[in-house]
Amino acid sequence: MFRKQTHKQTLENLSTSVILLDERLCIDYMNPAAEMLLEATIKRLKLCGVEQWLTSDPDELAVLKASIHSGHPYTRREAKLITFSGRELTVDYSVNPLPLQNSPMLLIEIQARDRLLRIEREEELLSHHAATRNLVRGLAHEIKNPLGGIRGAAQLLERELEDESLHEYTHIIIEEVDRLRNLVDRLLGSHKLPKLEQVNIHAVLERVCALVNAECAGQIELHRDYDPSIPEFTGDSERLIQAVLNIVRNAMQSLQENAVVAPKISLRTRAKRQVTLGSERHRLVCCLDIIDNGPGIPPEILNTVFYPMISGRADGSGLGLSIAQSIINQHHGLIECSSAPGCTRLTLNIPLE
């Protein structure tokens, strides 16, 4: 009896989800980790067939039934599992037959892959963004150095030209050099140190909404869904306004250029606990969702949308999202993106510690 209680306590304290199926593929036991993963209790899932929470694939069900009789274990990698609430998860699971005396059973061990895949994706995004920013900064400095010489030479040449009709050409040189210098300055980003102060994220959003309303003359609906429990945090409010404005303005321009019927941009804030961003785990994070009902980001640039000079618009500079990502990175956060026609979502994750 003591050993049985010890075994049960061990199973219930595992972080791995463990489920025991009987010969009819109905749940006989599941530990708390499995209940959390499937978002339902054992009492509720006992009434459901395995096809309602593990797989509805007839071939996979046939393999399960064959395994319980043949005694052959097997493993599935990155399989899709549907929770009781209908949420799709990516999991690895192992099936091990248990040849018990009364009746054979199946022991299923499930490990969620979504969190690991998300961490890997975020680390890759942060690494690529840092490498790209370093490359761009190096190229920008190399470009900026000779621009001053070209501009100075054009000014000296203009003084030497007696024919004023030729000054038009030196003016073109100077104007184009200035345009390139401004572009390089934007690539390099601000040289000023962040002005750290207590920031209210909703004050930042209200400022952005006021600016966007003035630009679009109220033609786009701005829907606010705020969580008032989010505390203030230390940051640079001006830079955060710039980051959010860059994203909202991108959405606004996409809606206008594609003549979307009933254009709408939603701003949604939520506080989330124990969130991993890259390789760091944060106790409390402000998650700001910026959602629009536009045509979406082209699939071919979705994975590179935060790189400099990448834009889905013909006249876009491709710097807005790159600068926004840099600003959120300075606040130890991360911007994530998902897009489909009718719903493009950019999520700004900002740690609140």
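**Helix packing and sheet order**

Author: Helix 7 and helix 8 cross in a right-handed sense, where right-handed means that the near helix is turned clockwise from the far one by less than a right angle, and left-handed that it is turned anticlockwise. Helices (H or I, at least four residues) and strands (E, at least two) are DSSP runs, numbered from the N terminus. This is a predicted model, in which local features need pLDDT of at least 70, side-chain atom pairs count only at pLDDT 80 or more, and totals for chains, interfaces and linings use all residues. Residues are numbered from 1 along each chain as its sequence is written, and side-chain values use heavy atoms, with hydrogens and water left out.

Reader: Within what distance do the axes of helix 7 and helix 8 come, and at what angle do they cross?

Author: Axes are lines fitted to C-alpha atoms, for helices over the stretch in contact, and angles run from 0 to 180 degrees between N-to-C directions. Here the axes of helix 7 (residues 201-216) and helix 8 (residues 237-257) come within 9 Å and cross at roughly 35 degrees.

Reader: Which strand order does the open sheet have?

Author: Two strands pair if DSSP finds at least two bridges between them. The open sheet has five strands in the order 7-9-10-12-11, with mixed pairing. Strand 7 (221-225) and strand 11 (334-340) stand at the edges with a single partner strand each, so one side of each lacks a neighbour in the sheet. From one strand to the next, the twist averages 20 degrees.

Reader: How many bridges join strand 11 to strand 12?

Author: Seven bridges join strand 11 to strand 12 (residues 343-351), and the two run antiparallel; Glu-336 stands opposite Thr-347 in strand 12.
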